[in-house]
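Open the model in your viewer and keep the selection tool at hand. This tour goes stop by stop, saying what to select next and what is there.

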Amino acid sequence: LHAALPICTVWTITRPLHALTATVRRLTAGDRAARAAVTGSAEVREVATSVNAQADEADRLRAQEAEHSHLRAAAREAGLLIREHLNASAVLAEAQSAVQRTLLPDDVVYLRLVEDGQLTGRVGQDVAQTAADDAVRRVPEHTPEALHQLFRAQASLVVGDIHGVEGREFARVYSAELLDLARASGIQSVLVTPFGVGSDLLGTIVAQRLRAGRPWTPAEVDAVESVAADLGRGVNHARLYEAENRLVGDLK
């Protein structure tokens, strides 16, 4: 009996270690689904848990990089489509469609334009406007200074949960009235990215997410900001082209 105890002890340690070693080899060989059984002594269980955690983190990073690659490619494609047009209205419509179709297909995307310091027309549909058009008309139409600050900083307003503490930042940029309207309309999160040229703010890309529990990812924000940069240049170029054509027509 005494002779059997060391053998039993060795067996209970070495068998989990062999299994753990096999799992590590499978992961190293590219088997991403491999996970270690958390069994054996406390030390072996701790190592197995650590191996599984590292494998899960590697999967998360791979998925994140795949999302970045996909959205970067989609943003480049959107930029090419935007630059094909020499009419400002067509540029704006193409940008709204491209972001909605290729970057954020499950969300509501529209553009808000800025002219002479006023928030003017929309390109695309705003959920809040659809739900309560009269209330939207009561919201002040001046361009908030916070939007100019975002544009100068080349940053976006990223609100992951408009019903939580982050909603205060939305109210700071816009207004408490617009925050209440967005909440009442079923909007869960908002992404606002200004676009323009030089120091001139021309408008914003606005994305509204209606499903809770899906915060904006860095890849999504980067892709929308990339499109916003192309959009600002595209709108400016198209407007200059249109002005030149009008001048030529007047001269004729």
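**Stop 1: a hairpin**

Select Leu111 and look across to Val123 in S2, which stands opposite. Strand S1 covers residues 108-115, and S1 pairs with S2 in the antiparallel sense over 4 bridges. Strands pair here if DSSP finds at least two bridges between them. The two strands form a hairpin with 2 residues between them. Pick Asp116 in the turn: its phi is positive, about 50 degrees.

A word on what you are viewing. This is a predicted model, in which local features need pLDDT of at least 70 and side-chain atom pairs count only at pLDDT 80 or more, while totals for chains, interfaces and linings use all residues. Residues are numbered from 1 along each chain as its sequence is written, and side-chain values use heavy atoms, with hydrogens and water left out.

**Stop 2: the sheet**

Colour by secondary structure. The protein has 9 helices and 5 strands. Helices (H or I, at least four residues) and strands (E, at least two) are DSSP runs, numbered from the N terminus. Read from that end, the elements go α-α-α-β-β-α-α-α-β-α-α-β-β-α.

Select the 5 strands. They form an open sheet in the order S2-S1-S5-S4-S3, with antiparallel pairing. Which strands are at the edges? They are S2 (118-123) and S3 (157-159), and each pairs on one side only. Neighbouring strands of this sheet are turned by 20 degrees against each other on average, direction ignored.

**Stop 3: helices on the sheet**

Show helix H6, residues 145-152. H6 lies across S3, S4 (189-197) and S5 (200-209), and runs at about 70 degrees to S4. Next show helix H9, residues 218-251. H9 packs on the sheet and touches S1, S3, S4 and S5. The direction of H9 makes about 35 degrees with that of S4. Axes are lines fitted to C-alpha atoms, for helices over the stretch in contact, and angles run from 0 to 180 degrees between N-to-C directions. Contact means heavy atoms within 4.5 Å.

**Stop 4: helix H7**

Select Arg172, which lies in helix H7. Which residues does Arg172 contact, leaving aside its neighbours within four places in sequence? They are Ala146 and Gln149. Arg172 and Ala146 are 26 residues apart in sequence, yet 7.7 Å apart in space, C-alpha to C-alpha.

Arg172 forms a salt bridge with Glu169, the closest N and O atoms being 2.7 Å apart. A salt bridge is a side-chain nitrogen of Lys or Arg within 4 Å of a carboxyl oxygen of Asp or Glu. The two residues sit 3 apart in H7 (residues 167-173), so about one helical turn separates Arg172 from Glu169. Glu169 is partly exposed, with a relative accessible area of 35%. Buried means under 20% relative accessible area, exposed over 50%, partly exposed in between (1.4 Å probe, protein chains only).

Now pick Phe170, buried at 6% relative accessibility. The count of aromatic pairs comes to 1. The ring centres of Phe170 and Tyr174 are 5.1 Å apart and the planes are at 35 degrees, so the pair is tilted. Rings of Phe, Tyr and Trp (its six-membered ring) pair if their centres lie within 6.5 Å; planes under 30 degrees apart count as stacked, over 60 as edge-to-face and the rest as tilted.

**Stop 5**

Asp31 is partly exposed at 29% relative accessibility. Arg26 is partly exposed too, at 41%.

Move to Arg122 and Asp126, whose side chains meet in a salt bridge (3.8 Å, N to O). Buried or partly exposed: which is Asp126? Asp126 is buried, at 5% relative accessibility. Arg122 is partly exposed, at 26%.

**Stop 6: helix H8**

Finish at helix H8, residues 176-184. The buried residues of H8 are Leu178, Leu179, Leu181 and Ala182. Look down the axis: these residues fall within an arc of 165 degrees, so they line one face of the helix. The arc is that of the directions from the helix axis to the C-beta atoms. After H8 comes Gly186, with a positive phi near 90 degrees.
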